[in-house]
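Subject: A structure for you to explore

Hi there,

Have a look at it first, and then read my notes below.

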Amino acid sequence: MNRSIENPMSAIFKCLATSVLFMFIGFMFGQIFIPVSFAYYANMIFTFLMIGLLIMSLLSRKNIIPISFSMSFVYAFTFIDGILTYPLLQYYLEDLGTGVFTSILVASIALFAVLAKLSSRKEAGHYLGLGSILFAGLIGILIALIINIFIGGAMLSLLISIVGVVIFSGYVLYDISLIKHEIENGEIREKNDLSLHVLNLYLDFINILLDLLNIASILDD
């Protein structure tokens with residue numbers, strides 16, 4: 001049964017935090033059941049995982065994914081995503097060390113929080129004009145990742161990750177602005193109306209985190 005919500009913005013961030021928690025539970029699940037040797041395939045995993053996440057972002061922003069669906073599907077997706085990202089995150093843990101890895105995780109959370117706060121202080125819809133530019137950027141990154149499979153190298157991967165941080169930082173501004181716009185127009189009334197927004201914000205965060213980790217790993221090498 002779907003329930004009405006009194007504070008949609010607060011509810012979205014609570015559901016987002018729960019989604020990230022499910023991702024880390026999936027990561028721990030992967031630690032138990034996936035062989036550590038998979039971490040040696042991190043470069044290949046990074047490319048294909050990023051392609052998968054980008055395609056998911058493209059689908060969610062073109063309404064190919066339903067606008068309203070159960071939050072349970074979001075939690076299931078983030079749990080599975082945690083399992084899939086385990087070899088890559090394990091590789092970064094070993095390559096960068098726990099201290100650097102933790103610092104980048106904290107920096108990703110801080111960047112996301114600052115961008116969300118900045119967007120929430122503006123009037124509803126303020127950053128919606130970025131939509132077409134950001135979507136074109138997503139397509140550009142997807143094409144570059146596919147090219148990188150065949151003729152790429154460390155420098156192209158570094159450039160893709162830098163652009164990725166910029167694009168998904170812009171999407172944090174855009175998504176919060178869109179949420180405020182829909183709240184003010186009464187389009188978000190029930191919990192299931194939050195699901196697509198939570199999924200988009202999760203994809204923003206996880207892409208920023210993975211891109212920053214990739215940047216740090218390449219520069220460290």
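Before we start on the rings, here is the rule for pairing them: rings of Phe, Tyr and Trp (for Trp, its six-membered ring) count as a pair if their centres lie within 6.5 Å. Please keep in mind that this is a predicted model.

By that rule, there are nine aromatic pairs. One of them joins Phe29 and Phe33, with 4.6 Å from centre to centre and 40 degrees between the planes, a tilted arrangement. Phe29 is partly exposed, at 36% relative accessible area, while Phe33 is exposed, at 56%. Ring pairs also bring in Phe79, so that Phe29, Phe33 and Phe79 are linked into a cluster.

Now find Tyr171 and Tyr174, whose rings form an edge-to-face pair: the centres are 5.9 Å apart and the planes make an angle of 85 degrees. These two tyrosines sit in helix H6 (residues 154-184), three residues apart, which again means about one helical turn between them. Tyr171 is buried, with a relative accessible area of 1%, and Tyr174 is buried as well, at 18%.

What about the length of H6? After H6 comes Gly186, which has a positive phi, near 75 degrees.

Next, which residues does Ser119 touch, beyond its neighbours within four places in sequence? Its contacts are Tyr127, Leu173, Ile176, Ser177 and Lys180. Ser119 itself is in helix H4 (residues 98-121), and it counts as buried because its relative accessibility is 0%.

Last, take a look at Gly129, in the loop that runs between H4 and helix H5 (131-151). Gly129 is exposed, with a relative accessible area of 63%. Although Gly129 and Tyr174 are 45 residues apart along the chain, their C-alpha atoms are separated by 8.2 Å.

Best wishes

Terms used. Residues numbered from 1 in each chain as written. Predicted model: local features only at pLDDT ≥ 70, side-chain atom pairs only at ≥ 80, totals over all residues. Heavy atoms only, no water. Phe/Tyr/Trp six-rings, centres within 6.5 Å; stacked < 30°, edge-to-face > 60°. Buried < 20%, exposed > 50% of the residue type's maximum accessible area, 1.4 Å probe, protein only. Helix = DSSP H or I, 4+ residues; strand = E, 2+ residues; numbered from the N terminus. Contact = heavy atoms within 4.5 Å.
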